[in-house]
Amino acid sequence: MKVSKYLSKHLRHQPERIGLTLDEGGWVEIDTLLAAAAAHGFGITRDELDHVVAANDKKRFAIEGTRIRASQGHSIDVDLGLPPATPPAYLYHGTVAHNLDTIRREGLRPMNRHDVHLSPDRETATRVGARRGRPVVLAVDAGAMHRDGHLFHVSANGVWLTKAVPPRYLRFPGPH
């Protein structure tokens with residue numbers, strides 16, 4: 001977990017803190033990452049890195065040849081090069097109750113990320129929402145959004161991405 005958090009911080013948000021420069025797609029050479037981490041007091045072996053990438057249940061990282069990147073969730077400017085994709089009729093978003101009034105007014109916004117993250121099923125969205133408290137799962141009428149011209153992309157680890165979800169496409173649980 002400690003290695004995964006370290007990688008997320010530096011591959012998604014603050015590569016410059018350890019002297020990394022990611023390319024336009026968010027990639028960096030693995031040897032460069034390992035050397036930078038060691039130089040900043042966080043020694044990771046290649047075996048440890050490979051284990052974290054392979055064992056991460058959310059598949060947060062991707063290795064391609066001699067390079068690594070975060071699969072999505074960047075707050076820095078990167079182009080993941082994901083082609084537009086046709087979403088299923090519904091996608092899901094996990095949140096907590098205290099966010100619902102704002103979401104009803106403004107819809108889902110990317111906040112400090114480049115895209116809104118959506119889950120392909122309620123179970124995954126429930127786990128996402130539970131990270132911040134008692135989860136509330138919203139259904140997103142992705143089919144209608146797509147028909148209305150909203151673009152969707154799907155990351156290598158199955159997270160659906162879109163720029164924003166206007167309130168009219170959201171289905172809230174229970175009475176409103």
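The model is predicted: local features need pLDDT of at least 70 and side-chain atom pairs pLDDT 80 or more, while totals for chains, interfaces and linings use all residues. Residues are numbered from 1 along each chain as its sequence is written, and side-chain values use heavy atoms, without hydrogens and water.

Helix 1 comprises 12 residues, 2-13; helices are DSSP runs of H or I with at least four residues, and strands are runs of E with at least two, numbered from the N terminus. Among the buried residues of helix 1 are Tyr6, Leu7 and Leu11, where buried means under 20% relative accessible area, exposed over 50% and partly exposed in between (1.4 Å probe, protein chains only).

The whole structure contains 1 aromatic pair. The rings of Tyr6 and Phe42 have centres 3.9 Å apart and planes at 5°, so they are stacked (ring centres of Phe, Tyr or the six-membered ring of Trp within 6.5 Å; planes under 30 degrees apart stacked, over 60 edge-to-face, the rest tilted). Tyr6 belongs to helix 1 and Phe42 to the loop between helix 2 and helix 3, 36 residues apart. Both Tyr6 and Phe42 are buried.

Salt bridges number 6, each requiring a side-chain nitrogen of Lys or Arg within 4 Å of a carboxyl oxygen of Asp or Glu. Arg67 bonds in this way with Asp23, the closest N and O atoms being 3.3 Å apart. Asp23 lies in the loop between helix 1 and strand 1 and Arg67 in strand 3, so the pair ties together parts 44 residues apart in sequence.

Definitions and conventions
Expected span 1.5 Å × (residues − 1).
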